[in-house]
Amino acid sequence: MRGTRAQTNTGRKEGVNLNKQQKQKKETTIDSYYSPNGTEGERSANDKPEIPANWIQAVEELKTQLREAEDNREKNLKIKISHLETEALELKQENSVLKAKIIQLENEAKEMKDEAKEMKDEIKRMKDSLQRNSDQKEKDDQKAKDEIQSLRTRVKQLESSDLTRQQDTIRQNKKNEKIEENVKHLIHKTDNLENRSRRDNLRIIGLPEDHDKRKSLDIILEEIIQENCPEILEQEGKVEIERIHRSPPVFNPQLTTPRNVIAKFKNNQIKEQVLQAAKKKPFRYHGNMVRITQDLSASTLKDRKAWNMIFQKARELGLQPRIKYPSKLTIFLQGKVWSFNTTEEFQEFINKRPDLNRKFEVQPQNSRESSKASYVTGQTVNVDCGFTLYFRSWDIPGE
């Protein structure tokens, strides 16, 4: 567009120069024709034709109009020339601006070339880095494959070893089950043997400690028998005691109840007579209530203790509960005697009978609750093995 404008301005300048030359030519022609000094004026008067007066006047007017036209044309030309010069100046300025922009573009092009070179270098470096990373990744993948293969081999070995271990575990579990059965059998046999070794023993509960200071325990036991069942002494005479002592042997001042007394009779028949008499009526000694029960092992007493809450509820419901040796509960229901070895068996039994299940809404009593209940009743059972078990009066009704 700028080139087109420059060509237009150049055409305008050529047109102005052409108009000036034509004007000079016309002026020369007219002036010289009519001027006395011109070429035509140099003609002789004889050669000059006669011109009418009105033509001369018309020529003068025409000359005046031509001069005015020439003056106006000169003014217009000057104005046009000034415009052209202004436009030329603007073109020069635009040309300088364009040159500056061209220089700037050349600099930018150079910078872009440098940037392109840097980008090429960077791309080359990236390609090299990617190639190195690819090579390293291939190495890592190969290493991972090797490790996976090694792990698979190890897993297979472990699975095989685990299978062998499982088989060994199964065999060991079977052995353990046999051992547990044997241990249970041995524990049962041991409890049975201990209970049998205590079959000649009676346990006296509730005898105050201060009586020991005045009399020996064997004399106290004979007085208890004399006071509550004198017919035994009348029939058998003197009651022979092999050994009698309190259990535990060391008095604990923190206990609020007296220790139990364990007496071993030489004659088992006398022991049974005293025990049966104690089941028929409560025994007293100098106004104090005492209980006489069969002496049993600690584990048997613990098993019997688990029936506490059930035994009490069964008694309230009139089911005539009894604890059979060693720790078996029996009840009388619907004209039939039912026997249970564990509380779980009893729970399964009442679950099948909704009427009983609603009535036996009791949970097995834990040791702390049992101890608290025994403190309330004020009765204890001291086991001859270094600790004390607590029971209510109905815990051990006898065999």
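**Figure 1. Overview of the predicted model.** Of the 399 residues of the protein chain, 27% count as buried. The structure shown is a predicted model. Its secondary structure comes to 11 helices and 10 strands. The protein chain exposes about 28400 Å², and carbon and sulfur atoms supply 51% of this area. Among contacts in the chain with a separation of 6 or more, 62% are between residues 24 or more positions apart.

Figure 2. Helix α2 covers residues 53-197. The helix has 145 residues, yet its end C-alpha atoms are only 189 Å apart. A straight helix would reach 216 Å at 1.5 Å a residue. Buried residues in α2 are Lys63, Glu70, Leu77, Leu84, Glu87, Leu91, Asp191 and Asn195.

**Figure 3. The largest nonpolar core.** This core has 26 residues, of which Leu207, Ile225, Phe265 and Phe283 touch the most other members. At least two core residues come from each of β1 (201-205), α4, α5 (230-236), β2 (241-247), β3 (260-265), α6 (268-280), β4 (283-285) and β5 (288-294). Apart from this core lies another, of 16 residues, including Ile310, Phe311, Trp338 and Ile350. In soluble globular proteins, nonpolar side chains tend to be buried together.

**Figure 4. Surroundings of Leu207 and Ile224.** Residues up to four places away in sequence are left out of the contacts of Leu207. With that exclusion, Leu207 touches Leu217, Ile220, Ile224, Arg246, Pro258, Arg259, Val261, Tyr285 and Val290. Ile224 lies in helix α4, residues 217-228. Its relative accessible area is 0%, so Ile224 is buried. Leaving aside neighbours within four places in sequence, the contacts of Ile224 are Ile204, Leu207, Cys229, Phe283, Tyr285 and Ile292. The C-alpha atoms of Ile224 and Val290 are separated by 9.0 Å, while the two residues are 66 residues apart along the chain.

Figure 5. Ser247 and Pro248 are joined by a cis peptide bond with omega of about -5°. Pro248 lies in the loop between β2 and β3. A cis peptide bond also leads from Tyr325 to Pro326, with omega near 0°. Pro326 is in the loop between β6 and β7.

Figure 6. Ser327 counts as buried because its relative accessibility is 12%, and the cut-off for buried is under 20%. Not counting residues up to four places away in sequence, Ser327 touches Thr300, Asp303, Arg304, Trp307 and Asn341.

**Figure 7. Positive phi at His286 and Gln334.** His286 is not a glycine, but has a positive phi of about 50°. This residue is found in the loop between β4 and β5. Gln334, likewise not a glycine, has a positive phi of about 55°. Gln334 is found in the loop between β7 and β8 (336-340). With a relative accessibility of 69%, Gln334 counts as exposed.

Notes
Residues are numbered from 1 along each chain as its sequence is written. This is a predicted model: local features need pLDDT of at least 70, side-chain atom pairs count only at pLDDT 80 or more; totals for chains, interfaces and linings use all residues. Side-chain values use heavy atoms; hydrogens and water are left out. Helices (H or I, at least four residues) and strands (E, at least two) are DSSP runs, numbered from the N terminus. Buried means under 20% relative accessible area, exposed over 50%, partly exposed in between (1.4 Å probe, protein chains only). Contact means heavy atoms within 4.5 Å. Accessible areas come from the Shrake-Rupley method with a 1.4 Å probe; for residues, only the protein chains shown count as cover. A nonpolar core is a set of buried Ala, Val, Leu, Ile, Met, Phe, Trp, Tyr and Cys residues joined through side-chain atoms within 4.5 Å. The expected span of a helix is 1.5 Å times one less than its number of residues.
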